[in-house]
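I opened my notebook to look up one chain and its partner. I started with the whole chain and then moved to the place where the two meet.

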Amino acid sequence: MTTDLSAFLDAVSAALGKEWVDQRPETVKRYGEHTLPGAERPPAAVLFPESTQQVQSIVRAANQHGVQLYPISTGNNIGLGSRAPIKPGQVIVDLGYRMNRILEVNEETCFAEVQPGVSFQMLHDELARRGDKLMVSATSGPPHGGILGNAMDRGAGYGPYFDHFGMLCGMEVVLGNGDIVRTGDGSLEGDNLVNWHVSKYSFGPALDGLFAQSNFGIVTRAAIWLMPRPPAARSFHFVFPDDEDIGEIIDLCRPMKLSNFVPTLFRISNDLYAMAPEDQNWEYLQGSKEAFSVEGRRTLQEKHGLGAWQVSGMFYGASDAAIEPSIQRVKAHFERSGKARYISHDEALGIPALSIAIDAMNGRPSANELGMLQWRPGSGNSWFLPGTPMVGRQALELDRLGREIYAKHGMDYIIMHVASARFARGLHVLVWNKDDADENARADACYRELAHEFAKRGVGVGRAPADYHDLHMGMMMPSLQKAFGEIKNALDPNGILAQGKYGIYSVGETVETR
Amino acid sequence: MKTSFTETQLARPEIAEADKILGTCQHFGFCTSGCPTYTLLHDENDGPRGRIDLIKEMLEQGGSPSPKTIGHIDRCLSCMSCMTTCAVKVDYMHLVDIGRVYIEENYRRPWRDRIPRDVLGYVLPRPALFKAMLAAGRLALRFEKLMPPSLRHMTKLIPEAAKASPHSLAACTVYPAQNERRWRVAVLAGCVQPVLSPHINDATIRLLTRLGCEVIVPAAAGCCGSLNLHMGKRDAAMQFAAANIRAWVSEMDGEGLDAIVVNASGCGTTVKDYGHMFSGDADLAEAAHRVSNIAMDISEWLQSMGLSDSALLPPYKVAYHDACSLRNAQKVTVQPRDLLRQAGFHVVDVGEAHFCCGSAGTYNMFQPELARQLGARKAANIARVEPQIIAAGNIGCINQIRLYSGIPIVHTVELLDWAHGGPVPPALEGVRLETPEPMAREPEPASAAEAPIHLHRHTGTSDESDLGVW
């Protein structure tokens with residue numbers, strides 16, 4: 001299909017207004033920036049629609065003129081791609097700037113219907129204004145990050161409502177062909193769609209999953225379920241001294257989650273993950289090209305009064321007193337190991353590394369964890385996001401592997417396991433100096449080796465930086481890749497939506513045009 | 001971010017400092033969505049990243065900066081919302097100050113801009129002159145239509161004459177503690193505040209002396225310097241700051257001071273920064289550090305004193321507005337809320353707390369349209385929580401919000417003084433406040449087994465239903 005960008009921009013200018021079609025050099029440059037090893041990917045333009053109908057106009061014009069679009073919500077997905085398009089020259093559709101309305105907060109069945117620009121902070125503030133009766137499931141990422149964008153990329157929080165995609169119910173989507181669909185009971189005619197945001201399934205196939213981590217449509221609104229805010233919330237924390245303790249930690253956490261005794265996920269952060277937000281790699285600043293040393297880590301642990309691993313969880317209840325017996329139960333369980341050192345909620349409030357966990361599990365957005373990006377200067381940041389079964393020996397094996405690969409490439413091993421009953425997602429953070437070509441190449445090589453070695457052991461990733469979407473999709477069975485391509489062709493026949501995002505291409509898209 | 005300063009440029013301390021700060025910016029962009037002017041203007045150059053790049057270019061190129069660059073930097077509120085979300089803690093506060101000083105020293109503004117800036121920079125820090133100008137301004141209000149349109153918006157900022165108590169306390173120097181003296185503190189009287197709202201200092205001194213502080217207001221201490229500093233008039237700012245440092249250090253070396261208490265948070269941010277401002281001054285560096293080390297916002301000091309609970313007043317619903325200087329620069333957010341709650345008020349937060357109200361020192365005088373939008377937005381956010389009273393810790397915010405909200409607004413310390421036996425704050429005199437229902441206090445259970453079951457109730461309608469059972 002031939003591309004006529006100029007005609008496309010004329011058409012969308014007529015639909016949106018000229019001021020919402022931005023080609024200013026500063027805008028284009030900054031939207032092309034990201035923290036991954038690859039080069040900048042400047043878009044051809046940035047569009048700022050204010051409604052679903054305007055999004056539909058954009059998609060139709062893109063189909064007509066053969067222009068590639070790249071929708072974003074708030075673009076705070078630092079370490080996974082930021083706001084940059086998957087390919088340079090795609091036109092960004094920034095849904096965050098104007099489509100940022102909380103359309104409804106339902107305080108009976110506890111959900112909020114939001115547009116893509118609604119951030120965690122915005123929803124938190126609105127819920128607080130309404131009396132703090134409901135809580136947002138916060139990530140520990142940027143407070144201005146978008147709720148829908150995070151959910152559609154299958155991001156997660158830490159409380160009982162941690163599964164953000166799973167907590168979505170009822171979407172409105174502009175498909176790649178320009179059609180608008182509402183999923184579930186939202187598909188019925190009329191305005192009184194009383195079950196749209198409370199029932200996930202309706203008659204026929206449940207399509208919602210098609211739009212998470214895909215490029216088949218643009219979600220323009222959806223509801224997210226919200227948990228009632230408990231009167232009291234008390235955390236508990238345990239510090240373990242040695243790297244090899246991860247196996248025992250996983251085995252200790254598993255039964256507490258299988259029976260759902262502990263309502264939150266467990267945050268199991270290693271020393272650097274916990275302490276990097278408050279510190280800098282002094283060895284690197286003095287010229288070291290190696291991974292942060294074992295001696296350095298010991299010094300860091302002593303400085304912060306923490307250990308090789310920090311385990312955090314939280315209980316909710318009627319009062320502190322009502323929660324206390326549960327805390328004592330967990331304490332007794334962990335202290336069986338003989339290695340766990342207990343840190344109470346009140347003590348943890350004064351320890352930055354642990355207060356981050358408290359905010360996150362208590363539904364309070366906070367920017368404090370972002371400080372880890374300054375562990376090494378130079379703006380390089382990517383996240384490798386595999387996982388482990390909740391079996392200590394398997395977790396330990398993967399931990400040894402990851403640690404070894406990081407060290408081989410001179411990277412600092414920064415990791416947090418977020419543990420549920422059967423599975424723990426391993427947030428592996430790479431922080432490096434992108435201005436240093438050698439270091440940039442090592443960070444890239446490190447990620448690729450991690451991806452290959454983990455995959456060899458049957459471990460894929462849950463999310464991925466945009467630079468590696470092709471890599472990860474390429475590891476999947478060809479028939480599945482083909483199926484994705486065929487769905488792409490069905491819903492986006494001209495292939496105008498984020499071609500290549502998540503490694504998904506229209507069938508027939510040649511390698512040369514990718 | 002890489003810079004390309006020459007060795008000659010880097011020999012200048014302010015360029016060396018800018019170079020260091022610029023080097024920390026990684027263009028992550030977390031700052032952008034929290035920036036009020038980016039949100040309103042939708043221009044990359046009106047967000048922190050854009051301004052950082054512009055300052056970099058301006059300093060690297062040298063010479064006279066372009067009016068376009070100056071416009072973007074002038075539109076910065078210095079609210080420091082960006083610094084609260086920056087992952088790498090870029091010291092934007094000092095960078096933008098360096099940029100402003102550079103502009104002031106290397107660019108001659110058109111007379112229409114220059115004269116008001118010069119006049120305000122000279123008059124505002126001098127209470128006697130400011131008082132006279134204010135009187136002239138009130139007179140001019142009667143002939144507003146005859147004023148140049150470019151200055152007309154400023155007349156809207158002139159408040160009614162303050163209802164000062166007949167013997168405003170801040171005219172004296174030493175206020176002895178009532179009963180036993182437990183602490184000795186200096187209070188910064190300031191420059192604009194005692195003229196516009198002398199009752200704030202009065203409430204501060206009353207409360208502190210009632211609680212056992214001997215309060216010193218040295219005659220030689222006055223403007224903190226921030227008004228000039230944020231206009232790029234560094235020399236004038238340093239002169240005012242130096243006078244304060246000498247006056248306070250004299251007290252510290254004399255009878256001693258437990259704290260330097262500041263009740264205008266815009267000033268407090270600057271006083272706490274004296275150590276940095278004078279770090280290159282051989283004579284005053286150490287003294288400035290000593291001053292900064294004991295400078296505290298009034299709420300910090302009151303909390304450190306261990307203010308007792310009070311139940312004198314009904315639990316009036318108070319919307320607490322975070323002044324940017326307190327929230328973003330000084331990180332003081334918990335103390336004022338805790339103090340107000342201990343004093344019996346029902347404290348509620350305001351949405352978009354990271355958004356400036358548009359006061360920002362002299363910003364509402366030089367950027368009236370943006371300040372208007374921000375003021376109206378803040379007032380709307382406050383209205384949504386339906387408070388009876390608004391409290392804030394900075395006089396600039398108080399005067400700005402008052403323009404856009406009909407809800408009475410007072411300084412936090414006025415409410416605390418009132419709740420601890422002081423008079424009704426002037427802004428609440430004659431205001432009929434409905435007595436709210438007493439807030440339910442949860443009885444402490446004797447054991448976990450007796451812990452109550454909480455039913456969260458939906459209170460929006462009469463048809464209440466349970467939200468959660470705990």
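I checked burial first: 57% of the 470 residues in chain B are buried. I kept in mind that this is a predicted model.

Next I looked up the secondary structure. Chain B has 24 helices and 11 strands. I also looked at contacts in chain B with a separation of 6 or more, and 71% of them join residues 24 or more positions apart. The accessible surface of chain B is about 20,100 Å², with 54% of it on carbon and sulfur atoms.

Then I turned to backbone angles. Most residues other than glycine have a negative phi. I found that B:Lys89 has a positive phi of about 55 degrees. B:Lys89 sits in the loop between α6 (81–85) and α7 (92–106). I noted B:Lys331 too, with a positive phi of about 60 degrees. That residue lies in the loop between α19 (324–329) and α20 (334–342).

Last, I went to the contact between the chains. How many residues does each chain bring to it? I found 44 from chain B and 45 from chain A. Together the chains bury about 3,700 Å². On the chain B side, B:His42, B:Leu467 and B:Trp470 lose the most area to chain A.

I looked up the charged pairs next. There are 5 salt bridges between chain B and chain A. I picked out a salt bridge between the side chains of B:Arg49 and A:Glu33, at 3.5 Å from N to O. The side of chain B that touches chain A has 15 nonpolar, 18 polar and 11 charged residues.

Technical notes: Residues are numbered from 1 along each chain as its sequence is written. Chains are lettered from A and ligands numbered from 1 in the order in which they are written. This is a predicted model: local features need pLDDT of at least 70, side-chain atom pairs count only at pLDDT 80 or more; totals for chains, interfaces and linings use all residues. Side-chain values use heavy atoms; hydrogens and water are left out. Helices (H or I, at least four residues) and strands (E, at least two) are DSSP runs, numbered from the N terminus. Buried means under 20% relative accessible area, exposed over 50%, partly exposed in between (1.4 Å probe, protein chains only). Contact means heavy atoms within 4.5 Å. Accessible areas come from the Shrake-Rupley method with a 1.4 Å probe; for residues, only the protein chains shown count as cover. Buried area is the accessible area (1.4 Å probe) that two parts lose on being put together, summed over both. A salt bridge is a side-chain nitrogen of Lys or Arg within 4 Å of a carboxyl oxygen of Asp or Glu. Ala, Val, Leu, Ile, Met, Phe, Trp, Tyr, Cys and Pro count as nonpolar, Asp, Glu, Lys and Arg as charged, and the others, Gly among them, as polar.
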